Amino acid sequence: MEAILTECAQNSLRHFMYRNAIFMCERLCAEFPSETNSQLLAVCYLQNNQAYSAYHILKGNHMAHSRYLFAQSCFKMDLLNEAEAALCPPNESSAEIPNGAAGHYLLGLIYRCTDRRKSAIYHFNQALSLDPLLWAAYEELCILGAAEEAATVFGDAASLCIQKQHLPHGLGSKSMQASAEDQGLISSRNVGAEDLSPRHLKNIHGNSQRDAAGNYHSAPQPGGTGSQPLNGGPTTLSFYSTPSPMAAASQLSGVAPPPICRNMQINGPNSCATGADSSPRSTVNSTIQAPRRKFVDEGKLRKVSGRLFADSAPRRSIRLATGDSVANTNSNVSTVSGNGTNHSSKYLGGSKIATGSVRPVTGRKGQSWSNENFDEGIKHDGYDDSRNSSTTCSSPSSESRSLDQEGPTSAAGVCLSGSRVAVGASDLLALLRILGEGYRLSCGYRCQDALDVYVKLPQKQYNTGWVLSQVGKAYFEMVDYVEADHAFNLARLASPYSLEGMDVYSTVLYHLKEDMKLSYLAQELISTDRLAPQSWCAMGNCYSLQKDHETALKNFQRAVQLDSRFAYAHTLCGHEYVALEDFENGIKSYQSALRVDTRHYNAWYGLGMVYLRQEKFEFSEHHFRMAFQINPRSSVIMSYLGTALHALKRNKEALEIMEKAIMADKKNPLPLYQKANILVTVENFDGALEVLEELKEYAPRESSVYALMGRIYKRRDMYDKAMLHFGLALDMKPSATDVATIKAAIEKLHVPDEIEDNL
């Protein structure tokens, strides 16, 4: 009965029938109370977004996995102190972090949310060292500005770690005995109930903690089934290990590839019926108790082994030259074409650039792409790994014997050879190195360098929603809104269901004053997911563009309500408060954004603008300088930092920073105008006029440029030219405030400056 209830609950989780899973788990816990069964019930509640229920079920439990699930529940409920205590018991300083890499990652998130940067960085690095494919940890390090170069993180050490995780335990084949280094990658122990390979636990790590919490008892994502732990067995196993690089590559491409491993199709009375009993209990028990089953005649199997694996660890160049054909050597052996290995290394050195090709995004130079798949070799080499738990039925002892006697085609023919794991890991890490380096540079606001790195991606990877969104963000930070709009539009076409970067896209359309496109985007996002903060940020930007700041503020507050850790929503609230001249609440909103993310430079910039308007120039300079330290390539930040320095009478420093701002973005008129203002202050009128003449080319319809030129000519007693430029300034239809200022200057045209200052 216990096994049936457990299997029923797990099957319901696999099919997203959470209410049924909860009901069956409650029956299970009532009939067979145990901490392991409580864990399964807690997972059901977590998957159903009922963290409070999981919290009460797990409170007081001490098993490692119970502590991890309890910490997940606390994290979702914002009980960060309790979450930390669950992962790191205060009275047990030597206690190991539960669930390995996933536990370190969760602890890193807790430390980041509680503003303990160094501890967060340490645990994110620990998570990466345990699982190099935990991309979410590398993302967090990039956001914190503490990530190492991707070539280091996803280098040789990561490759060895992946091979160690994804090679079958107890493998003694010749291919893994080729070097002492390879020997160190293989465990000599047998696979038993308490020694499952991490590759059998196919789970997905993502930005959402909900995904991580939901994979206990192997409730897999659609399209795959995971092996379940033995009920009542050890809970120190890592149920949240990252999937194999081969499986990850197939998820990137979105297409389920055919298997490459030669699965044995058994036709005899001793065959292993994979569909007869797929429960974890029966699977593991059969592994422990069943006597050795002779699938086919051993002599024939040795012949099959010799033909399929004549060279168990061939050189990559030889494998690439062997072509696509693999002979069908026995009617009981199912083979698949191995053409994936032909192309798996083609793009490792970066894609080949050629002129004349269609370019997917403006600024991305045309590339000549073949029809060959970049990660085809990865997918074909290892995707069938997920089937091991349901097709392997031999006992550990027979498995070890068959490995010695029959080679790597034993154990139902599903074990990957060491060379294939190495190739798959190499190809996947090559892809992650490009993605990781681009993301690291983007988080460091080296946007042009990031774009140059993303261009190296193969076309099918470049034309994905996530990459195109990153490209759009890079153009946004470079204040190239037209290109950002184009990139985000392509991202919407590639992934119309994804909300990645849509908050930034709405801001791009806001700056371009594309009210129709912005309104359409907001409606689309709301219809896609009403509970996503990005949707309400887009709606708020739509109202802000229409100058309806109160309604915009309500929408941004709704985004904050949905996700209090969404820093950009807090910042947008601050902008609307400032537009309504509610500076006190604006400051509070910016400070809330900084509590979420201290490197959110937009909030530092917003605070600087508030203090600049309040003429608190020392505070203004401090906050602009903090923003400048985070984003040292922003021409806008440098311009306002120079303005604050100019207000503090530090004109030399102000001129230096203005020069840097001009060099950072020569099309930005703001630093040129501020430089002219500073030159007027130091009475360098010729230099100021020269700068303004240059500025007229970039901003020919800017009234303030002509008004400043009129002031300069007045200071030089050139009244005719002064009157001419004041008149030109009025013709540009400036704001009402500027009109009043210009008319006042015309009325006092013949009044000396000394007398005017005393009036």
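Visitor: What is the relative accessible area of Glu653?

Guide: Glu653 has a relative accessible area of 34%, which puts it in the partly exposed class. On this scale buried is under 20%, exposed is over 50% and partly exposed is in between, using a 1.4 Å probe and protein chains only. Before you dig in, this is a predicted model: local features need pLDDT of at least 70, side-chain atom pairs count only at pLDDT 80 or more, and totals for chains, interfaces and linings use all residues. Numbering starts from 1 along each chain as its sequence is written, and side-chain values use heavy atoms, with hydrogens and water left out.

Visitor: What share of the 759 residues is buried?

Guide: Buried residues make up 55% of them. As for contacts (heavy atoms within 4.5 Å), take those with a separation of 6 or more: 61% of these join residues 24 or more positions apart.

Visitor: Back to Glu653. Which residue forms a salt bridge with it?

Guide: The general idea is a side-chain nitrogen of Lys or Arg within 4 Å of a carboxyl oxygen of Asp or Glu. Here the partner is Arg650, and the closest N and O atoms are 3.0 Å apart. Arg650 is partly exposed too, at 28%. The pair also belongs to a network of salt bridges linking Glu621, Arg625, Arg650 and Glu653.

Visitor: How many salt bridges does that rule give?

Guide: The count is 19. One of them joins Arg446 to Asp449, N to O at 3.3 Å. Arg446 has 32% relative accessible area and Asp449 has 33%, so both are partly exposed.

Visitor: Where do Lys696 and Glu693 lie?

Guide: Both are in helix H38 (residues 685-698), three residues apart, or about one turn of the helix. Lys696 is partly exposed at 22%, and Glu693 is partly exposed at 38%.

Visitor: How many helices and strands does the protein have?

Guide: There are 42 helices and zero strands. These are DSSP runs numbered from the N terminus: H or I of at least four residues for helices, E of at least two for strands.

Visitor: How do I read a pair of packed helices?

Guide: Two numbers describe the pair: the angle between the axes and the distance between them. Axes are lines fitted to C-alpha atoms over the stretch in contact, with angles from 0 to 180 degrees between N-to-C directions. The crossing is left-handed, meaning the near helix is turned anticlockwise from the far one by less than a right angle; clockwise would be right-handed.

Visitor: Which classes of residue make up the contact of H7 with H8?

Guide: Nine nonpolar, six polar and one charged. Nonpolar covers Ala, Val, Leu, Ile, Met, Phe, Trp, Tyr, Cys and Pro, charged covers Asp, Glu, Lys and Arg, and the others, Gly among them, are polar. The residues include Tyr105 and Arg112 in H7, and Phe124 and Leu130 in H8.

Visitor: At what angle do H27 and H28 cross?

Guide: Roughly 160°, with the axes of H27 (residues 502-512) and H28 (residues 515-528) coming within 9 Å. That makes H27 roughly antiparallel to H28, and their crossing is left-handed. Met502, Tyr505, Ser506, Leu509 and Tyr510 in H27 meet Lys517, Leu518, Leu521 and Leu525 in H28. By class, that's seven nonpolar, one polar and one charged.

Conventions: Angles under 35 degrees count as roughly parallel, over 145 as roughly antiparallel, 65 to 115 as roughly perpendicular and the rest as oblique.
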